[in-house]
Amino acid sequence: MTRILATTLFIILSSILFGQQKYFVRDAISAEGIPFVKVTSPSLSPQLTDIDGAFVVADSTHEAKITLKSYGYRDTTFLLSEVVDFTVQLSPIMQDVQEVVVHAGENPAHRIIQAAIDNRKQNDPLRNNSFEYESYSKFIFDVDREVLDTMTFDKEDSSMLRMMAFFDQQHLFLLESASKRTFIPPAKDKEEIIAYKVSGFKNPIFSTFANEMQSFSFYDEAIQILGKEYVNPIAPGGTKRYLFILEDTLVVNSDTTFTIFYRPRKGSNYDGLTGRIYINTDGFAVEKVSASPYDQTGFQVQIVQEYIRINAHKWFPHKLSTNVAFPETVSVNGVSMVGKGNTYVRNVILDPENVKKTKFNNISVTTTEDAGETDQATWERLREYEITNRETKTYEVIDSISKAEKLEQKFDLLTSALNGKIPLGKKINLDILQLINYDQYEGLRLGAGLETSKRLMKHVTLGGYAAYGFKDKGFKYGGFSTFHLNRKHGIDLKFRFSDDVVERGGFDFSDDGFNLNSPSLMRHFFIQMMDKQRIAETSFSWNVLANLRLKLTGNYQRVVQTRNYLYQTNTGIIDHFDQAEVGAELVWNIREKVMMLGSTRVSKGTKWPKIQLKVVNGISGIADSKFNYTRASIAVRQDVRIRAFGTFVWSIRGDQLSGNTPLLYAYRGNGTGKNWNLSVPETFETMEPSRFFHTRQAALYTRLNIQPFKTKAKWNEPAISLHHAIGYGEFSGKENHSFAFQSADKGYFEGGVIMNGLIVSGFTQVGLGIFYRYGTYADSDWKRNLFPKISIGFNM
């Protein structure tokens, strides 16, 4: 007990007599903190400033002589006793970066970087050790103060004067969040957002904004910055892809920190990074790192990460920073905008006890129900630094502007439009997909679809539509009601009725929502054969797991066959019939991680395959239901990223019909080779629509997407894609159908090359492709097997 008391008193006295003082190093022009400045002194141990530009010295050394060195700034030497307000300013200097030629065997940085690569798995915080931590994040958007303070303008310009006064008192936008995270390798992850605050908004979609700006650690093979992936310089093979230059060394006791500049090698054609990486000889781990996209156009971004040792052996992220400079087109009165975000990681516990694996599921991030209502006293405890007057004013002013200008409603309008809905007032949405469409059977189809919004009824959605086809001269309509029994778990009960047309031989899986790049959306242009269908259906949907969705259906339909198509049954020829069905559909995104932000589900994606399974049974004898049959389909799809090269996309699908039915319930060949010269992924680009029908079929589609070539033109990002597809099918009972068609029982084969991104404008890119059909179903004239096409993509 005496020993414990003595130790406690020593710690208290040490804190009083030998307290520490924090100093900040800032840019003399922008006043921003400068990270990783080398701090040396004859009487102190050397150190580097942290992400905020701070360094710490003991109070007893206030007469120490300090030297500061940082790339891009003048070396500065001063006495601590001369420092005012604990802030030192460094003056930036212009430096030309010259091309460096390094000969084999002459680059000492390679040995250090290779050691860091060899120790990646050991040092990666997401491997080996489980952990818990708390974090606090802040992101601020503002005008570029450096530009604003140097602007000259007419003193009678009232708009400029108002702008200067506005930004002297506050920022443009501010958000904060605090979270707790638990992780067990390799993939059990749970982060809970316990508090968030956003100027002008309450939508929980903002709660993870700061955390999603960059990868959590610098050990992933691909580093994410603002949602885009870049090749990591310390991924395997890094010394072959990147140029490394050893710039400085810092010796502290028995450890040495190497400062190494890096950038992609000349002539590289991949998305790379440039910056400085600080490697510590203790495990050859990353101690600090800065990184920016090497070829930046538009947004200028830099991330910074700082690591500390936990339990004297494991390096762990401590502070993460993101700086964004907006392009000149995004400005306020000619002054460009900037953003700066910091995340502080604290209270890290490695290998915590009593962590139950049962607490984990595929929901990796959740926002608690009351996270947006955190009180001021709690925020004072969670924040890393005390809130400033400008930040307080930002919340007050932007909140009032948001209320007056109804910014929350306008944001809802934007998010609804991205989901294919346009709000008409507060309570009704317009369905974009119902406005206009085109296919070979209906021709131009115009219509309108309306549905209620969550503002009208939170747990029920009512909707309906009406449309007219100008080629088939047919009027269509339908309606639905969906009861959202549990939005968090995606439990929905839906009733729908429609009197419409349906593709003959179609059997699509449930869609994933509004997506302009969806192959099914583009393939609709090629549909040639349809039948009239009046259907009443009930469905029940449930997210059994966050990445596993189950849908059960039951329906009764009345079908009228079109264009003189007849079907021979045991009792005679028919051109119309009734049919009852029950079915089940399962969608499994293997290892997909999901964020639940309030009641909003946001997928974080997966590198593993997506599996879809659908089975439908036709049942005769219910009312006038005609046929007994089973339709079963399975599809598997995966995007495989190839480091520093591109993406390989493969999908395979198999379908089987058991039982004799009209062509409506068979399977059409998935062809898009006629009527439109439009390339549609995951289809047979040279197969004529409705040329083939099958009762059993299988298809494999592959596409190798090589990453874009680097060009100096802003309107041009050429990228080669190699396409190949193989299909097989057979049909039993052709004699029962009144028109002739083929089945691909000898195999269907095609290949192609696409040059995407020949023209890029905004969110749209246009390219050209050529496809060639070969094998048994190829034409004897080789020129008729060539199919030139236009490729269109949307960068959403």
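Which residue is the bridge partner of M595 in β35? The partner is V602, and the views below show the surroundings. This is a predicted model, in which local features need pLDDT of at least 70, side-chain atom pairs count only at pLDDT 80 or more, and totals for chains, interfaces and linings use all residues. Residues are numbered from 1 along each chain as its sequence is written, and side-chain values use heavy atoms, with hydrogens and water left out.

**View 1. Strand β34 and its two partners.** Helices (H or I, at least four residues) and strands (E, at least two) are DSSP runs, numbered from the N terminus. Strands pair if DSSP finds at least two bridges between them. Strand β21 (residues 363-367) runs parallel to β34, with 4 bridges, and here V365 sits opposite M595. Strand β35 (residues 600-603) is antiparallel to β34, also through 4 bridges.

**View 2. The hairpin of β34 and β35.** Between these strands lie 2 residues, and G598 has a positive phi near 70 degrees.

**View 3. Both faces of β34 (residues 594-597).** V594 and M596 on one side are buried, as are M595 and L597 on the other. Buried means under 20% relative accessible area, exposed over 50%, and partly exposed in between (1.4 Å probe, protein chains only).

**View 4. The largest nonpolar core.** A nonpolar core is a set of buried Ala, Val, Leu, Ile, Met, Phe, Trp, Tyr and Cys residues joined through side-chain atoms within 4.5 Å. The largest has 48 residues, with F218 and I260 among those making the most contacts inside it. Helix α2 (residues 108-118) gives the most to this core, 5 residues.
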